[in-house]
Amino acid sequence: MTRADLRLLPGATCVWALAVLGVTAGGAAAIAAGAVLVSLALTALTLLGPARGARTILAHLALVLLAGLLLIPALHRHDGTAEVLGEAAADGLVVELTVIAGGDPAPPSGGPEWSRTGLQMMARTEPGPARIGRTQEQLTAAVPVLVRADGEAAEGLARIRDGEPVHARGRVSGDASLLVLRATEVGPAQEASGGVGPGQETRHRLRQIARDATAHLPPDEAALVRGMTTGDTSGMGEKTEEIMRRAGISHLVAVSGANIAFVLAAVLGPLLLAGVRRRPRLLIAAGVVAGYVWLVGDEPSVQRAATMAAPLLAARFAGVRASPVAALALTVALWSVLDPVTAASIGFLLSALATAAILLAAPPLARALEQMSGGRLGRTAALVLAVPLVAQAACTPVLILLTPEVSVWAVPVNMLVGPLVGPSTVLGLVALVLGVLWPGGAAVLYGIAAGGAHLVLLIARTADDLPGSRIAVPDGTTGVLGAIAVLLLAGLAVAGRRRPAVRWATAVVLVIALAPGIGRMLPVRSTPGWSLALCAVGQGDALLLRPAGAARDGPTVLVDTGPDPAALSACLDLLQVQDIDLLVLTHPHADHTGGRDALTGARTPAQQWVCPLPAAAADVVPGAPVEVATTGTGWEQDGLALTVLWPDSAQAAERASAAERGSGEGGRRERLLDRARGALGRRDAPGHPRRPRTRRAGAARRDRAGPGGHSQGRPPRLPLPARPALRAARPRPGAGPGGAGEHLRSSHRRAAGPRPRHRCPGAAHRRPRHRRAPHGRGRRAAERRASAVAAPGRRPGPLGSCSPLSSEELP
């Protein structure tokens, strides 16, 4: 690589950064950043004077200003369209507009189950007239939009295919980062002009031939083979997609520069062996690449790769030296000024960053690895290691924005699957062409390619099960800046590897970061403060309580143990819980007591409560004092107190349990109400080693989380009471197989539907620190409810085998 190869890179990078900033933060932010950039350039020119460096800065500044003349109008058009749709979303207006489908419609794959209805697809608005409410507006730019449809609209959306113009009517929500169009009417925009064109029809037909030829394969392998050839991943399971993402190989199903390179190799190789001359050979290759890009669609990564390949093929056709770095810089600058939305898309960012890292950083890193190995690592082997390493490193800051976690196995996985991807992709491309003439032969080739795809998935799944596959990192800007800082420090360490001080400092940092035992003992790596943690132990519960602001050795209460001792141990390790002061076993079901084998040694509880059912005595932790918990039973230690509200006797619990069995409902849980000094925070701590979602102790909002998940079925999604007084309610008939006592769930269940009007007697609650007392009719209603709870002789209803604990602050 020479100095001339880098001429366009600084200016193109500045233009690209301004385009991304303008799309994400607005055109005004891009203009302000451009003004700062010009000011810095002029300052540098003034300081340098007539030196050679000043002429270089002036040339780059002129390039940026020239590109800015095209970029600013494009950003202005984007802002205008985003503003019109944003106002429609804020006012709740009905819009009618034309969008271009960015993929085939599919059911939603994320979010809770209750939201996975209808169909959705990514699309982009078509510049042109649109009706916003009763006003006719002109959309001047294409902005991304997620189209969602249910019912009859979903039937219309199902007939849409990738790349087709769509006429949609509905309401818009969201903001400029992602607009969601909830369509009530969807249909092809060309119905009046004769339907889909022959080009689109041929494209969809080829894709359908590939799907038919892979129908005999397992769904994940078939989708991966098609994804590596045409980017069509329909039929791939959500779990498989997630595993590939965590393993760092999701780029295999995003058609990009590697696919273009495979296509060129598959075309140029046979033509070269056949003796075809250079220029005809390059023309044929260019035509095949154009056809391939048309087939796979207008994904941003495809557009980047095709645009970069065009000047390289043209230079080779003219017989001049081609510079891949200059071609990449030209590609980035062109897309930034012509279509800033594409240049700022995630696919374009990842593709361009990985390509730039491979071209710029892989060769020097390979030389450094070769030198550090003392020549034992050859040039080729060092380059094989450096390419996935720098590509993954360059993409990490962007990937953290999508999911705040990293995997230490991403680079090894990419190295292992590399030799499998090339042959599988080439076989898939040959099968794609062969399928038009001989579907049976195409099915055979797809079957062979699926063998490589199966090995790829096997490697990814194996890596996903290893420790270190899901390392939680800070999300948002903090995580991105942290990743960039780590990458800069790593680059400085490699550059200064010959200095002893740098080597010692690097060794110290690596020991601190990689040694799990040392890392857990460091204050910067300690678990954030928590006062309520809900362990993800699968089916069942394991709930930890601790006073707000308590130290690591503060009093700890564990409510239930979940079904799996390993999952409970992992959660206790993650939260650094060494001692259990009180264990509460709410009822004798395996999903609530099966993990008690984890409570041995130092974690043997100092005391344990069980419900007054006879079967509860068998499911206890050996060696710990056992007390049958009934109404009035209490426990208190520094800042944390628990009081049992129900049942008042073993007979009451047995009657409730018998009533539930008679009604066909499953066994329900004992409920315990805790009274805690200080506000309780909430933390979901998974059983596997990943960073749980945490709320710091003392946060202002009310907690409505508690134990849930029962083996008898899905519980009714009842929230905890919002008022400090207990509310009485009769159990609703047909509440569900989980029973009224199974409603304590994690906070994400609150979005599942409207809040029920009835609450269970004794449902757990937490009193906020500052809450205005009820008055008027609201106060009288609260008094009536409180008296109903305290009324003697009133049967609480079939709540389950044991009593609830309620959380409230002590005076």
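This is a predicted model: local features need pLDDT of at least 70, side-chain atom pairs count only at pLDDT 80 or more; totals for chains, interfaces and linings use all residues.
I take buried to mean under 20% relative accessible area, exposed over 50%, and partly exposed in between, with a 1.4 Å probe and protein chains only.

Residues are numbered from 1 along each chain as its sequence is written, and side-chain values use heavy atoms, leaving out hydrogens and water.

Next I looked for disulfides (pairs of cysteine sulfur atoms within 2.5 Å). I found one in the structure. Cys535 is joined to Cys571, S to S 1.9 Å. The angle about the S-S bond is -65°, and the link is left-handed. Cys535 sits in strand E10 (residues 532-536) and Cys571 in helix H21 (residues 565-574), so the bond ties together parts 36 residues apart in sequence. Helices (H or I, at least four residues) and strands (E, at least two) are DSSP runs, numbered from the N terminus. I recorded both Cys535 and Cys571 as buried.

Last, I checked helices H9 (residues 278-296) and H10 (residues 300-318). Their axes, lines fitted to C-alpha atoms over the stretch in contact, come within 10 Å and cross at roughly 170°. I therefore list H9 and H10 as roughly antiparallel, a label for angles over 145 degrees on a scale from 0 to 180 between N-to-C directions. For contact (heavy atoms within 4.5 Å), H9 residues including Leu282, Leu283 and Val293 meet H10 residues including Val302, Leu313 and Phe317.

Key
Angles under 35 degrees count as roughly parallel, over 145 as roughly antiparallel, 65 to 115 as roughly perpendicular and the rest as oblique.
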